[in-house]
Amino acid sequence: MQYDISENQKGETGISMIVKGIRNGIATGKYFPGMKLREAAICKEFSASRTPVREAFRILQNDGLLVYTPQRGVQVAFFSKKNLYDSLELRIYVEALSAKKAAEYATAEQIAEARQINEQIRICYCDNKSLTTELDWKIHMCIAKMGNNEYVVNVLEKMMNSQMYFNVYPPFGEWRVFDSYKEHNDILNAIEAHLPEIAERYMEVHFYSSIHCEKINAEKQKDE
């Protein structure tokens, strides 16, 4: 597939298109871990000059999706199960802070938006279980933005991008979807009641439960 970046799309919009295209390519397996991304080939694919391609590479390196090594150039990063657990250990603290700050600053409109996303998680898994992962990403980012702290939002987005685009999460099982839905509701109830410490604790419980379930799934896959 070749992308067309017209003259009026160059600059920031052109860079954004390249970033999105490479992210989608990683998510679908078009660009696989360890694959070298040649600048000239990406320029041709996106009908772009070297400047926006280099900037897109820089953004994706900051996100942890691409890595640069001398003599090998730019490659798609590897993301192992150990990387996942290491990232989740740190993410617990970021998410807990996110929920705590959300309880201090969230507006009624933001809470309503998050509840709407959570309802979609409960409803949509029957038809498209893989969609629940994307919706889960949205609700956590929605909570992060409630807290009025751009550093939390940026760090969390980087972590989640790495986890999401490398498909390290399997689609939610039916039983875990319902548990996640209830846990999200507990978090949102605490945020709506403006109880920072309670929201923080509920978020920690949510993540420890998710990690426990993910490890159980990993063990089951080994036995099969």
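Across the protein chain the pLDDT averages 83, and 81% of the residues score at least 70. Among the elements of the chain, helix H2 (residues 39–45) has the highest mean pLDDT, at 95, whereas H9 has the lowest, at 79. Over residues 4–12 the pLDDT is below 50, although this stretch has 12 contacts in the model beyond near neighbours in sequence. Where pLDDT is low, the predicted coordinates should not be read in detail.

Helix H3 comprises the 13 residues 50–62, which at 1.5 Å a residue should span 18 Å, and the distance of 18 Å between its end C-alpha atoms agrees with this expectation. The buried residues of H3 are Pro-52, Val-53, Ala-56, Phe-57 and Leu-60. Seen down the axis of H3, these buried residues fall within an arc of 145°, and they therefore line one face of the helix. An α-helix has 3.6 residues a turn, so residues three or four places apart point the same way. After H3 comes Gly-64, which has a positive phi, near 85°.

The largest nonpolar core contains 26 residues, of which Ile-143, Met-146, Leu-188 and Ile-191 touch the most other members. At least two residues of this core are supplied by each of the helices H4 (81–105), H5 (108–124), H6 (131–146), H8 (174–192) and H9 (196–223), and H4 gives the most, with 6 residues. When neighbours within four places in sequence are left aside, Leu-188 is in contact with Ala-114, Arg-115, Ile-139, Ile-143 and Met-146. A second, separate core of 19 residues includes Val-19, Ile-42, Cys-43 and Leu-66.

Note on methods
Residues are numbered from 1 along each chain as its sequence is written. This is a predicted model: local features need pLDDT of at least 70, side-chain atom pairs count only at pLDDT 80 or more; totals for chains, interfaces and linings use all residues. Side-chain values use heavy atoms; hydrogens and water are left out. Helices (H or I, at least four residues) and strands (E, at least two) are DSSP runs, numbered from the N terminus. The expected span of a helix is 1.5 Å times one less than its number of residues. Buried means under 20% relative accessible area, exposed over 50%, partly exposed in between (1.4 Å probe, protein chains only). The arc is that of the directions from the helix axis to the C-beta atoms. A nonpolar core is a set of buried Ala, Val, Leu, Ile, Met, Phe, Trp, Tyr and Cys residues joined through side-chain atoms within 4.5 Å. Contact means heavy atoms within 4.5 Å. pLDDT is the predictor's confidence in each residue, from 0 to 100.
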